[in-house]
Amino acid sequence: MSVLMISILLALAGAVLFTLIGLVSGTDETAIMVPFTLLVILLGAPPEAVFSFFMAAVLSKHLTHAIPTALMGVPGDTTAVPLIDHASALRRLGLPHVALRKMLSGGLIGAFIALPTAVLFGQFLGQFADFFKASSGLIFTLAAILIAYFSKGKWVSVLMIIPFAFFIKSIGTYSFSLTEKNLSISFFLGIAIGPMFSDILISLSSSARKSLVRSQAKEYHLAPENKSWKGFFPNPFRVLTARQTAHTAATSFVSSLTFAFSPVGMTSLMGEIVSSRNKGVYKKSTSSLATMNGVTESTYIAETVIPLLAFGIPLSPVALGPASPLFNAPPVFTSDPVNNLHNMLTPWDFFLYGLIGLLIATVIAYPFAMNYARTATVFVMKHISQEAIVGMFIGLVCLLAFHEAQLVGVMLTLIMATVGGLLNRVLGVSSGVQFMVFYGSTYMMAKLLGA
């Protein structure tokens, strides 16, 4: 079977899978995208097909995450959190369906602006690749400090960098003595599922469980579907006004260039800028939602493509989180030395196979969300257990860890999930900080201890 056909099939699988996952509120992008992307890589898919799968997954997830956000007032995932206020404002006006359509259309436009922008900017930055590769340890250390300072934990995140690096190197050295190889997949799988796993541990603790107990079940009131277009595939340029389209295009382009910044931060910033330029609750909310969902797409795509194409090392929050397997999935991909999609794909390949993923996701996720949002939401709320979804992800993670190092890999993953998850939940040391420390731990310990 040709590489092109495999890419189309995997993009189709990614689009269908993540369209459905996006319906489940509160799903963390890193925790769900890392295991499935790793699975595709370790099964031996061609690099082009892996990239198509990931692009289809990103667009599908960030289109359907709009459904619980707009209809239920619950963030579909981490990047949807900044959209809640504007979505809730339209729900109070009885217009959740309008919020959903604006978000979906904005996301679609943002994605197709981000891909060519990221490829071109990545080519430009590629001329500095040798410097970044030679200085990767120092860059990871400085980036860890910067991200830690601006994270939720702030100073405690900065203070935990060295202890956490020591912890990583310690259990890494011990696991090497048992397996005679350096483990990588088990480490970042543990970091990825940390917040999810810590919630399970807290629920099992008699002293900490009180923070999770609720006196009554939440109630959600869904508005009836209100279809105002003919056919199956509404034109996004007709859903948005010309002014909203211009705002979405401009903010998606700008946010595609700021690949080192937090996607949530850029989403909030661009939403505030657009909101300040509109008057009235309706115009403010609809314009902001279109813009912000466009930025969630553009930041994820650009923060994946630019570091991959230009440097081959993960130098963005997305590259350190959901896209990390594209950089480092031993023995297939490695970032030190660089042997990943950076070496295996040309700029044209990045554009072509990325476009395949986006087009297939558009055909699957966009009309599905536009036409069946309410029906799908009701089905998920009534019949899909969120606990079962969490269990499935943790089971898949354990399977991948076992594939890398048998029981040692599973134990290492659960240890990292425990420590990293509690650091995240209790102290606010984000997964991005933990991933950055993981990549820079060798450099830090070598400089401090000569180890």
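Predicted model: local features only at pLDDT ≥ 70, side-chain atom pairs only at ≥ 80, totals over all residues.
Residues are numbered from 1 along each chain as its sequence is written, and side-chain values use heavy atoms, with hydrogens and water left out. Local features need pLDDT of at least 70 and side-chain atom pairs count only at pLDDT 80 or more, whereas totals for chains, interfaces and linings use all residues.

Helices are DSSP runs of H or I with at least four residues, numbered from the N terminus, and strands are runs of E with at least two. The unreviewed UniProt entry lists residues 36–59, 103–125, 131–151, 158–177, 183–204, 350–369 and 389–414 under "transmembrane region"; such annotations may be inferred rather than shown by experiment, and their positions are given in the numbering used here, with feature names shortened. In the model, the span 158–177 is 95% helix and 0% strand, with its end C-alpha atoms 30 Å apart. For residues 36–59 the corresponding values are 83% helix and 0% strand, and the end C-alpha atoms lie 15 Å apart.

Met1, Leu4, Met5, Ile8, Leu9, Leu12, Val16 and Leu20 make a nonpolar surface patch of about 720 Å². Patches are made of residues with over 30% relative accessible area and no salt bridge; nonpolar side chains (Val, Leu, Ile, Met, Phe, Trp, Tyr) are joined within 5 Å, and like charges within 9 Å. Accessible areas come from the Shrake-Rupley method with a 1.4 Å probe, and for residues only the protein chains shown count as cover. Met5 is placed in helix α1 (residues 3–21) and is partly exposed, with a relative accessible area of 39%. Here buried means under 20% relative accessible area, exposed over 50%, and partly exposed in between.

Leu38, in helix α2 (residues 29–42), is buried at 0% relative accessibility. Beyond residues up to four places away in sequence, Leu38 touches Ile185, Phe188, Leu189, Pro325, Ala329 and Leu400, contact being heavy atoms within 4.5 Å. The C-alpha atom of Leu38 is separated by 9.3 Å from that of Val50, 12 residues apart along the chain.

In helix α5 (residues 84–92), the buried residues are Ile84, His86, Ala87, Ser88, Ala89 and Leu90. Their cover includes α4 (66–71), α6 (96–125), α14 (263–276) and α15 (281–310). Gly94 follows α5 and has a positive phi, near 80°.

Ser186 lies in helix α11 and is buried at 0% relative accessibility; apart from neighbours within four places in sequence, Ser186 is in contact with Ala401, Glu404, Gly409, Leu412 and Thr413. Ser255 belongs to helix α13 (residues 242–257) and is buried, with a relative accessible area of 0%. A polar atom of the Ser255 side chain lies 2.8 Å from the backbone oxygen of Thr251.

Asp199 is partly exposed at 28% relative accessibility, and Arg425 is partly exposed at 42%.

Key:
Salt bridge = Lys/Arg side-chain N within 4 Å of Asp/Glu carboxyl O. Buried < 20%, exposed > 50% of the residue type's maximum accessible area, 1.4 Å probe, protein only. Polar contact = N/O pair within 3.5 Å; in protein donor to acceptor, adjacent residues only side chain to side chain.
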